[in-house]
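Dear colleague,

I am handing over the structure below, and after it I set out what was found, region by region. Please read the notes with the model open beside you.

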Amino acid sequence: MAEIYIRKNFTKNELECPCVNCRGKGVLPTDDCLDMLQSAREFYGAPMHVSSGVRCDWHNNVVGGAKNSRHLPAHRDGADIRCTSPNQRFAMVHALMLAGASCIKVYAGHIHADVRPGMKLFLLD
């Protein structure tokens with residue numbers, strides 16, 4: 001089956017909840033979140049792998065997500081992007097800031113970015 005692109009560089013498949021309970025129900029990140037991701041990808045200048053987009057309540061619980069996670073359908077404005085090297089993290093944070101991400105959390109293996117109201121930057125490991 002052909003991939004369905006919802007932005008130039010991002011597919012429906014990589015942004016919707018991956019669990020069998022809700023796959024295919026079409027719950028996707030908000031347009032603001034999608035626009036931020038696409039802009040960040042263009043600033044970054046290389047592929048960005050989204051490891052987690054929208055999550056249903058059940059899947060969020062399974063992966064240990066926060067109770068009020070920005071991935072949940074109530075918000076739908078966050079995504080996790082896989083990255084591993086310090087140089088990659090630095091370049092990706094810079095691209096996300098330029099793209100308008102309002103919250104960026106940096107972890108060892110991924111970066112969480114969302115477009116919630118207000119501005120926050122967390123450097124975690």
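V62 has its place in helix 3, residues 57-62, where helices (H or I, at least four residues) and strands (E, at least two) are DSSP runs numbered from the N terminus. V62 is exposed, with a relative accessible area of 52%; here buried means under 20% relative accessible area, exposed over 50%, and partly exposed in between, with a 1.4 Å probe and protein chains only. Together with W58 and V63, V62 makes a nonpolar surface patch of about 300 Å². Patches are made of residues with over 30% relative accessible area and no salt bridge, like charges being joined within 9 Å and nonpolar side chains (Val, Leu, Ile, Met, Phe, Trp, Tyr) within 5 Å, and the accessible areas come from the Shrake-Rupley method with a 1.4 Å probe, only the protein chains shown counting as cover for residues.

Before going further, please keep in mind that this is a predicted model, in which local features need pLDDT of at least 70 and side-chain atom pairs count only at pLDDT 80 or more, while totals for chains, interfaces and linings use all residues. Residues are numbered from 1 along each chain as its sequence is written, and side-chain values use heavy atoms, with hydrogens and water left out.

The loop between helix 3 and strand 4 holds R76, which has a positive phi of about 55 degrees although it is not a glycine. Most residues other than glycine have a negative phi. At 29% relative accessibility, R76 counts as partly exposed.

Strand 4, residues 78-82, is mostly covered, with four of its five residues buried. Strand 4 pairs in the antiparallel sense with strand 3, residues 49-52, over three bridges, two strands being counted as paired if DSSP finds at least two bridges between them; within this pairing, R82 in strand 4 is the bridge partner of H49. Strand 4 is also joined by five bridges to strand 6, residues 110-114, and these two run antiparallel, with A79 standing opposite A113 in strand 6.

Strand 6 in turn pairs in the antiparallel sense with strand 5, residues 103-106, over four bridges, and C103 has D114 in strand 6 as its bridge partner. Strand 5 and strand 6 form a hairpin with three residues between them. I111 has its place in strand 6 and counts as buried, since its relative accessibility is 0%. The C-alpha atoms of I111 and F122 are separated by 9.9 Å, the two residues being 11 apart along the chain.

Helix 4, residues 86-99, has 14 residues that at 1.5 Å a residue should span 20 Å, and its end C-alpha atoms are 20 Å apart, which agrees; the expected span is 1.5 Å times one less than the number of residues. In helix 4, the residues R89, M92, V93, A95, L96 and A99 are buried. They cover an arc of only 165 degrees around the axis, so they lie on the same side of helix 4, the arc being that of the directions from the helix axis to the C-beta atoms. The face of helix 4 turned away from this buried side carries the exposed residues P86, N87 and F90.

Turning to charged pairs, side chains of opposite charge can pair when their charged atoms come close. With a salt bridge taken as a side-chain nitrogen of Lys or Arg within 4 Å of a carboxyl oxygen of Asp or Glu, the count comes to six salt bridges. One of them joins the side chains of E16 and K12 (3.8 Å, N to O); E16 is buried, with a relative accessible area of 9%, whereas K12 is partly exposed at 22%. Another is formed by the side chains of R55 and D80 (3.3 Å, N to O). This pair links distant parts of the chain, with R55 in the loop between strand 3 and helix 3 and D80 in strand 4, 25 residues apart. Both R55 and D80 are buried.

The side chains of D114 and R116 also meet in a salt bridge (2.8 Å, N to O), and both D114 and R116 are buried. Salt bridges that share partners join R7, D31 and D35 into one network.

R116 lies in the loop between strand 6 and strand 7 (120-123) and is buried, with a relative accessible area of 16%. R116 and C33 are 83 residues apart in sequence and 9.2 Å apart in space, C-alpha to C-alpha.

With best wishes
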